[in-house]
Amino acid sequence: MTVALVTGASRGLGAAIARHLAADGFTVAVNFASSGAQADQVVADIRAAGGTAEAFGADVTDEAAVASLAETVRAALGPVEVLVCNATGPQPELPMERVTWQDHLDQLEFFVKSPSLLVQALLEDLGSGGRGRVIQIGSDVFERSLPNMSAYTAAKAAQWGLTRVWAKELGRRGITVNLVAPGWIPVERHGELTDADTAGYVADVAVGRIGVPEDIASAVAHLASESASFITGQRLTVNGGHNMD
C-alpha cells in the first residue's frame with residue numbers, strides 16, 4: 001500500500017485528512033509534536049475502521065527531527081509517496097505596529113522551513129514510484145487580507161510560492177505539488193461554537209454553511225489519488241465560495 005505522511009495529524013484538519021486517506025487505502029503515518037495520546041486515538045480509529053496507521057512524534061520545524069522522522073517512517077512503513085504538510089503553530093492577531101521580525105519567523109518556521117525540510121528528506125521516496133504527491137495546507141486568508149494577520153498571511157503567501165516553484169522543479173520526477181486553501185473550518189482549538197458564533201461568516205458563504213474538516217480531507221484525498229496525476233502547481237480553495245479566485 002502507498003504510504004502517506006500527514007504532519008500535525010493528532011487533531012483538527014490533520015486528523016480528518018489521516019482518517020480519509022486511510023479509508024482510501026493509504027497506509028498513514030500520523031505525525032504529532034506533543035499530543036501523543038490524541039495521535040494514538042487517530043491511529044486506533046483508523047485501525048478500527050480496517051485501515052493501517054502508526055503514530056510518529058517529531059517537531060517538523062527541526063532539521064534533525066525531520067531527518068529522523070523520514071528514516072523512522074521509512075523503516076516502519078516503507079517509502080513515503082504522499083506528503084501532506086499540515087502542521088501549524090499559534091497564529092496570534094497583531095496590529096502592524098506590534099509585529100516583530102520574530103513573529104514573521106515563527107510563521108515561516110511552519111510554512112516555509114518545515115515543508116522544505118520534509119520535501120528534502122523525502123525527495124527520494126516521493127520520486128521512487130513516479131507518482132509522488134506533495135500537498136500543502138494553505139489558507140484563504142491570503143485573499144481575504146485580514147487586518148492584524150500580516151505575519152501569518154505573508155508566510156502563507158510564501159508557502160504558495162514554494163508550491164508553484166516546486167511543481168515545476170519536481171514534475172519531471174513524477175511528483176506533483178499542490179496546495180489546498182481552506183476557509184474558516186472550526187476545529188478543536190476554536191472551542192465550542194454555536195450557530196450564532198458562525199452566522200456572520202456564513203452569511204458571506206455562497207453555499208450557506210460553515211465548512212467541516214471532511215471538506216478539506218476530501219480535497220486532499222483527490223489530489224493524492226491517481227485521478228489527480230495531471231494536476232500540479234495548483235491552489236484549490238475550499239471555502240464554499242466565501243471568496244473566489
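T163 counts as buried, because its relative accessibility is 0% (buried meaning under 20% relative accessible area with a 1.4 Å probe, protein chains only). T163 lies in helix α6, helices being DSSP runs of H or I with at least four residues and strands runs of E with at least two, numbered from the N terminus. Residues up to four places away in sequence aside, T163 is in contact (heavy atoms within 4.5 Å) with Q136, V177, N178, L179, G233 and Q234.

The model is predicted, and local features require pLDDT of at least 70, side-chain atom pairs pLDDT 80 or more, whereas totals for chains, interfaces and linings use all residues. Residues are numbered from 1 along each chain as its sequence is written, and side-chain values use heavy atoms, without hydrogens and water.

Helix α4 bends by about 60° at L122, the bend being the angle between axes fitted to the seven residues ending there and the seven starting there. The buried residues of α4 include F111, L117, L118, V119 and L122. Among the elements covering the buried residues of α4 are α3 (63-77), β4 (80-85) and α6 (150-170). G130, which follows α4, has a positive phi near 75°.

The axes of α3 and α4, lines fitted to C-alpha atoms over the stretch in contact with angles from 0 to 180 degrees between N-to-C directions, come within 9 Å and cross at roughly 30°. The two helices α3 and α4 are therefore roughly parallel to each other, a term for angles under 35 degrees. At this pairing, E63, V66, L69, A70 and R74 of α3 meet L117, L118, A121, L122 and D125 of α4.

How values were computed
Buried means under 20% relative accessible area, exposed over 50%, partly exposed in between (1.4 Å probe, protein chains only). Angles under 35 degrees count as roughly parallel, over 145 as roughly antiparallel, 65 to 115 as roughly perpendicular and the rest as oblique.
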